[in-house]
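Biologist: I am new to this one. Please show me the structure, and let me ask what backs each label.

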Amino acid sequence: MRVTIDLPLTVDRESPVPLAAQVAGQLREAMRTGRLRAGERLPSTRALAALLGVSRTVATDAYQQLYAEGWLDGRHGSGTYVADDTLPYEQPGAQAVEARGAARREPAPPGWVDLRPGRPWVFGYDTAAWRRAWRSAGELALNAFPDPYGHPELRELLADHLRRARAVPVGAGNVMVTRGTGNGLDLIAATLLGPGSRAGVEEPGWRAARRIFASRGAEVVPCPVDEQGVIVEALPDDLRVLYTTPAHQFPVGGRLPIPRREKLLAWARRTGAIVVEDDYDAEFRYDVAPLPALYGLDPGRVVLLGTLSKSLGPDVGLGWLVAPADLLDAVAERRMHLADRTSGPVQRAVATLLERGDLDRHLRRMRLEYARRRAAIVEALGPYVRGDTAGLHVMVSLPAGVVPGLVRRAGERGVLLDTTEAHHQGPPRVHGLVLGYGSASRADVRRGCAVIRELIPPEGA
Ligand SMILES: Cc1ncc(COP(=O)(O)O)c(C=O)c1O
């Protein structure tokens, strides 16, 4: 692997811009323009400091900033790399995808088994119901003044869905229709965060959450999780916002137990933080019913984000944000300023799917299919599987040293994998694979797991 020590980096000691920000800025630009490419290794902080004639602290601070923004990956014990998905625009030739390993933005080349997490099965919906939904959207007149809260009838339907499915005591007045979790989180960040504020994200956790907070100027603080979810005792007292996935921690897979939920809310009340609950895959549980949403335990301190990205697909571009009325009003105002909105026809189509029970029917069918795929993984890799019987991914726990070689060799055999290491902000503390079974057929899941099983060394259990 090429170690990038020939970058034309410079520092200007006369400039008012701090040295670490200068170095981070030049590296960021090099990654943005493709001069530094996904998977490339950067020099150690010691080598970088020597190269530039600056202190090691300057080099460390520059890297820390780029980690926080998601540009860099720290893989255990083996240096600092340009993160896998900083290079989205290249054609996904087999070689390119193999080199990136955990890249998420392009589909896998034909014939590959794609076990990366994050994508649902987008072929399972009832096409007649889908067409009917779009016919109803076509009958809607266009609105010159889209409502930043969303269509009133869809807000009612979503509130009803949340009361039934998530035991959330909510009325339509607390619901805003968004384009998905990312959009909802960005609106919260734009409303509550800015330079100088600190925002917590689970560690390991959803990379997009980190990038969204950083892009609104906040300092991103990694908040460690264990097998049950976020560790409340480890939370600092000065967070403005904490992003968390209590129903099914991403990527480790824990379900936050009730006593810990109570502790988390006590922490939020004491510190004044807002807890953002990402309920991204709560529709998919295969054993017991999901625990009621955190929002229901303290509607004053929690913002709940939901999405159709897992139940139907990210292409639909629809989600919801549930918040206390005063916060929701502030978000709506900010949304207007940002000229941000959810498509009216999409809202109408989704309302039809909800009204007619088509979405519920689809979810019932998909639950059966996903449960079978999950069972195929457990059958092949049982002793290594971690996480609740839920969602569209499992974690496969492996010793740290095993993971990079396994991912590479699986890639050589046409199996695309993602790692828990890739979902850390700082040095990885949880090691293994994050296996997604949403977008792979049952046959592909079996094929992929057989390859993984063969590649786990005997002492890997
Ligand atoms: C943890 C998590 N939350 C939410 C989402 C969905 O985000 P969106 O609704 O913006 O598509 C994903 C998708 O990959 C995810 O992994």
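Modeller: Start with pairing: two strands pair if DSSP finds at least two bridges between them. Helices (H or I, at least four residues) and strands (E, at least two) are DSSP runs, numbered from the N terminus. This is a predicted model, where local features need pLDDT of at least 70, side-chain atom pairs count only at pLDDT 80 or more, and totals for chains, interfaces and linings use all residues. Residues are numbered from 1 along each chain as its sequence is written, and side-chain values use heavy atoms, with hydrogens and water left out.

Biologist: How do you know that β13 and β14 pair?

Modeller: Two bridges link β13 to strand β14 (residues 393-397), in the antiparallel sense. Pairing needs at least two, so the two strands qualify. Within β14, Met-395 is the bridge partner of Arg-386.

Biologist: What makes β13 and β16 edge strands?

Modeller: The open sheet of three strands runs β13-β14-β16, with antiparallel pairing. β13 (385-386) and β16 (432-436) have a single partner strand each, so one side of each lacks a neighbour in the sheet.

Biologist: What is the order in the sheet of eight strands?

Modeller: That open sheet reads β5-β12-β11-β10-β9-β6-β7-β8, and its pairing is mixed. Its edge strands are β5 (175-178) and β8 (229-230), each pairing on one side only.

Biologist: How do you know that β6 and β9 pair?

Modeller: Strand β6 (residues 198-203) and strand β9 (residues 241-244) run parallel and are joined by three bridges. Ala-199 stands opposite Val-241 in β9.

Biologist: Which strands of the sheet does α7 touch?

Modeller: Helix α7 packs on β5, β9, β10 (274-278), β11 (302-307) and β12 (319-322). Contact means heavy atoms within 4.5 Å. The direction of α7 makes about 150° with that of β11. Helix α8 (residues 207-215) lies across β6, β7 (219-226) and β9, at about 170° to β6.

Biologist: Why is α7 called roughly perpendicular to α11?

Modeller: Two packed helices are described by the angle between their axes and the distance between the axes. Axes are lines fitted to C-alpha atoms, for helices over the stretch in contact, and angles run from 0 to 180 degrees between N-to-C directions. Helix α7 (residues 181-192) and helix α11 (residues 325-337) pack at about 95°, with axes 9 Å apart. Angles under 35 degrees count as roughly parallel, over 145 as roughly antiparallel, 65 to 115 as roughly perpendicular and the rest as oblique. That makes α7 roughly perpendicular to α11.

Biologist: Which residues make that contact?

Modeller: Among them are Leu-187 and Ile-188 of α7, and Ala-330 and Val-331 of α11.
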